[in-house]
Amino acid sequence: MSTPIEAPGGVGSLADLRKLSDQIDGFLGRREGVYLFKLAKLGANRGVVVEIGSWKGKSTVWLAKGSEAVNGQVIFAIDPHIGSPEHQQQSPGKVNTEQEFRANMARAGVANRVTPLLMTSLAALAGWTKPIGFLWIDGDHSYEAVSQDYYGWLPHVVDGGIIAFHDTYYWEGVRRLVDEEVLQSQGMRVLGQLDGILAIQKSPATSLTDQFNLFLVRRLRRVFNRARSQRKPWRALPRKLLRALAWPRH
Ligand SMILES: C[S@@+](CC[C@H](N)C(=O)[O-])C[C@H]1O[C@@H](n2cnc3c(N)ncnc32)[C@H](O)[C@@H]1O
């Protein structure tokens, strides 16, 4: 049975949204999509939603539906639509995802809520003035690029705004930024780690609960990364535990 969504706006049920998302080629797991939807519901009333890296729009649809569910703000979907360095290496000069992206937005009924910006995140950042309620970082995954995305856009995220990173376990550049810098900062509250997504809130981690969450996520990520590199048979456990603890509930 499909789970009704407890929000106005004719968004549909979670089962409908999963079906919609399944039809879009992309790099987001089903559970991750639902988590992104819930994060967008939290952030989309605090300021605009910015997506860095749309590909064909799988994550964009979850973001747009989450925002729609709370009558939230528009999504700025930044992507030059020529693929990441690894896509360009595989098919030099041949990647162009713009038409498919636009068609997927129209099919999902969210084209009026999504503003595509056909440029790199760095180009979009120049002259940016809008306060951001939710920043989703899923563009170039090299350490240099993801750091530039995080530190460059962070000043535009409102206090209490949400930031989420994708591919935080298996992509070395993102993993390094998250483990060595983001999770070492006391200026952020950790909301949760669900599969590859790490979600944080721009708000000082002052309470004991915040400190404990930060400690737990750091520690379980470390245990998972080590167990994975040593191919321990129980390596999935810390990852599952993090998923079970992730907030908002999924
Ligand atoms: C991993 S894919 C994004 C997947 C997408 N979020 C999904 O749900 O399927 C990475 C995307 O980032 C884009 N990209 C690469 N470098 C970028 C940059 N500097 N700024 C914005 N987007 C970039 C690529 O064109 C590619 O479409």
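**Notebook: a chain and its ligand**

I began with D167, which is buried because 21 other C-beta atoms lie within 10 Å. By my cut-offs a residue is buried if 20 or more other C-beta atoms, placed from the backbone, lie within 10 Å of its own, exposed if 12 or fewer, and partly exposed in between. D167 is found in the loop between β5 and α8. Although D167 is not a glycine, its phi is positive, about 60°. I noted that most residues other than glycine have a negative phi, and that most peptide bonds are trans.

**Basis.** I worked with a predicted model, in which local features need pLDDT of at least 70 and side-chain atom pairs count only at pLDDT 80 or more, while totals for chains, interfaces and linings use all residues. Residues are numbered from 1 along each chain as its sequence is written.

**Whole chain.** I found 10 helices and seven strands. These are DSSP runs numbered from the N terminus, helices being H or I of at least four residues and strands E of at least two. I looked up the radius of gyration, taken over C-alpha atoms, with a globule rule of 2.2 Å times the number of residues to the power 0.38. For 250 residues a compact globule would have a value near 18 Å, and the 17 Å of the chain agrees with that. The C-alpha trace spans about 45 × 40 × 40 Å along its principal axes. Of the 250 residues, 44% count as buried.

**Ligand.** I listed 23 residues around the ligand, the closest being G26, G53, S59, G139 and D140. A residue is near a molecule if its C-beta atom, placed from the backbone, lies within 6 Å of it.

**Helix α9.** Helix α9 covers residues 208-229, and its 22 residues reach 32 Å from first C-alpha to last, close to the 32 Å expected at 1.5 Å a residue. The expected span is 1.5 Å times one less than the number of residues. I recorded V217, R221 and F224 as buried in α9. They lie on the same side of α9, because they cover an arc of only 65° around the axis. The arc is that of the directions from the helix axis to the C-beta atoms. The face turned away from the buried side of α9 carries the exposed L208, F212, R219 and R226. The cover over the buried residues of α9 includes α8 (172-180), β6 (188-194) and α10 (236-245). Just after α9, R231 has a positive phi of about 50°.

**L183.** I placed L183 in the loop between α8 and β6. L183 counts as buried because it has 20 C-beta neighbours inside 10 Å. Leaving out residues up to four places away in sequence, L183 touches V178, L214, V217 and R218. Two residues are in contact if their C-beta atoms, placed from the backbone, lie within 7 Å. L183 and R218 are 35 residues apart in sequence, yet 6.6 Å apart in space, C-alpha to C-alpha.

**Helix α8.** I found V174, R175, L177 and V178 buried in α8. They lie on the same side of α8, because their arc around the axis is only 165°. The exposed E172 and E180 are on the face turned away from the buried side of α8. The buried residues of α8 pack against α7 (143-153), β5 (157-165) and β7 (197-202).

**Further backbone entries.** D195 lies in the loop between β6 and β7, and it has a positive phi of about 50° although it is not a glycine. I noted a cis peptide bond from W247 to P248, with omega near 0°. P248 is found in the segment after α10.
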